[in-house]
Protein chains: 2
Amino acid sequence: MITHKAKDIFKDYLFEKGLRNTRQREEILNVFFSADKHITVEELFNMLKKTVPGIGYATVHRNLILLCECGLAEEIKIGKQKSRYEPKFGHEHHDHLICMKCGRFIEVNDDKIEKLQDKLAEANDFSPVRHKLEIYGYCKECR
Amino acid sequence: MITHKAKDIFKDYLFEKGLRNTRQREEILNVFFSADKHITVEELFNMLKKTVPGIGYATVHRNLILLCECGLAEEIKIGKQKSRYEPKFGHEHHDHLICMKCGRFIEVNDDKIEKLQDKLAEANDFSPVRHKLEIYGYCKECR
DNA sequence: GACCATGATGATAATGATTATCATGAACAT
DNA sequence: ATGTTCATGATAATCATTATCATCATGGTC
């Protein structure tokens, strides 16, 4: 779901950086935020071709990077899979349970784990900034 | 440090699969286990060229995969970096603190976190098999 | 010890995702 | 309306990884 605020964040970011607002950028933002989570460049590209005939793969890719830079998207790399991107506005941090059979992701969150991670880092003279926790296994349907 | 036992595991695996023991395989095992942790194919390849002149990149790569298959090595992929491999014999599971400046890895382990992860998975009807925890931040020297 | 079937090697090409290039088109400040 | 400069889209380049294939070597067999 695209919110007015996400559009504003994007437009503000473009303005700050001296970049321009284009039809492609607007549609990429729209479609990206209304799509399923964890989309690939290719999937988004295919969806966008319907809305913006003639749009180029490179444009989609470039602008996903732009969305990551302004904090509206996050790139997810799991092993050797191709990069996936997820909308980030209004979503707090979460970790992933990844099914090794069907490949689906479940998003989870655990404050206790987060706190223990910070402790663990500090115990090693390490200043944590962000983290990635992926638990691989089998989901309810596939186990 | 290569142990007699690691060699045996490898040889047993080769025998089981009907594969052959070659000079290249022996040296790859030797050098891999005496090298630093988290080595890339290229790094291992360069080290091996001294011991086995004429050895091919593909051979090193293929045999690292073989080592992963028999449990003596583990492939580590961090973001867009090229794959790294670490010796696994006699090492229990551990997580990584990754310095965003110098790139160094610190290996850590926390039983409490592990247990909470299992609980978290179960609470989501998910059967955990393995996991990957990476904490990004700055190490003592770089902070 | 010689032979042979088959796996292993090494050089190179293929693959596939991502990134760079560049001529042309479009946005936006003036 | 104009001009500057960024964006776009088609395509090529990049780079790690993987596949191909002719030749070599291993290990079982006689």
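Here is a short chat about a predicted model with chains A and B.

Q: Hi! What is chain A built from, in helices and strands?
A: Chain A has five helices and six strands.

Q: And in what order do the elements of chain A run from the N terminus?
A: Starting at the N terminus, the order is α-α-β-α-α-β-β-β-β-α-β.

Q: Nice. What does the C-alpha trace of chain A span along its principal axes?
A: The span is about 50 × 40 × 25 Å.

Q: What share of the residues in chain A is buried?
A: Of the 143 residues in chain A, 43% are buried. The accessible surface of chain A comes to about 8200 Å², and 49% of that surface belongs to carbon and sulfur atoms.

Q: Switching topic: how can chain A be laid on chain B?
A: You turn chain A by 180 degrees, with a shift of 0.0 Å along the axis, and the RMSD is 0.1 Å. That is the relation of a two-fold axis.

Q: So which residue of chain A comes closest to the rotation axis?
A: That is A:Leu133, whose C-alpha lies at 2.2 Å from the axis.

Q: And what percentage of the contact residues of chain A recur in chain B?
A: The figure is 100%, and the same surface serves both copies.

Q: Last one, on charges: how far apart are the mean positions of the positive and negative charges of chain A?
A: They are 6 Å apart, for 25 positive and 23 negative charges.

Key
Residues are numbered from 1 along each chain as its sequence is written. Chains are lettered from A and ligands numbered from 1 in the order in which they are written. This is a predicted model: local features need pLDDT of at least 70, side-chain atom pairs count only at pLDDT 80 or more; totals for chains, interfaces and linings use all residues. Side-chain values use heavy atoms; hydrogens and water are left out. Copies are superposed by least squares on the C-alpha atoms of residues with pLDDT of at least 70 in both. Contact means heavy atoms within 4.5 Å. Helices (H or I, at least four residues) and strands (E, at least two) are DSSP runs, numbered from the N terminus. Buried means under 20% relative accessible area, exposed over 50%, partly exposed in between (1.4 Å probe, protein chains only). Accessible areas come from the Shrake-Rupley method with a 1.4 Å probe; for residues, only the protein chains shown count as cover. Lys and Arg count as positive and Asp and Glu as negative; His and the chain ends are not counted. The place of a charge is taken as NZ of Lys, CZ of Arg, CG of Asp or CD of Glu.
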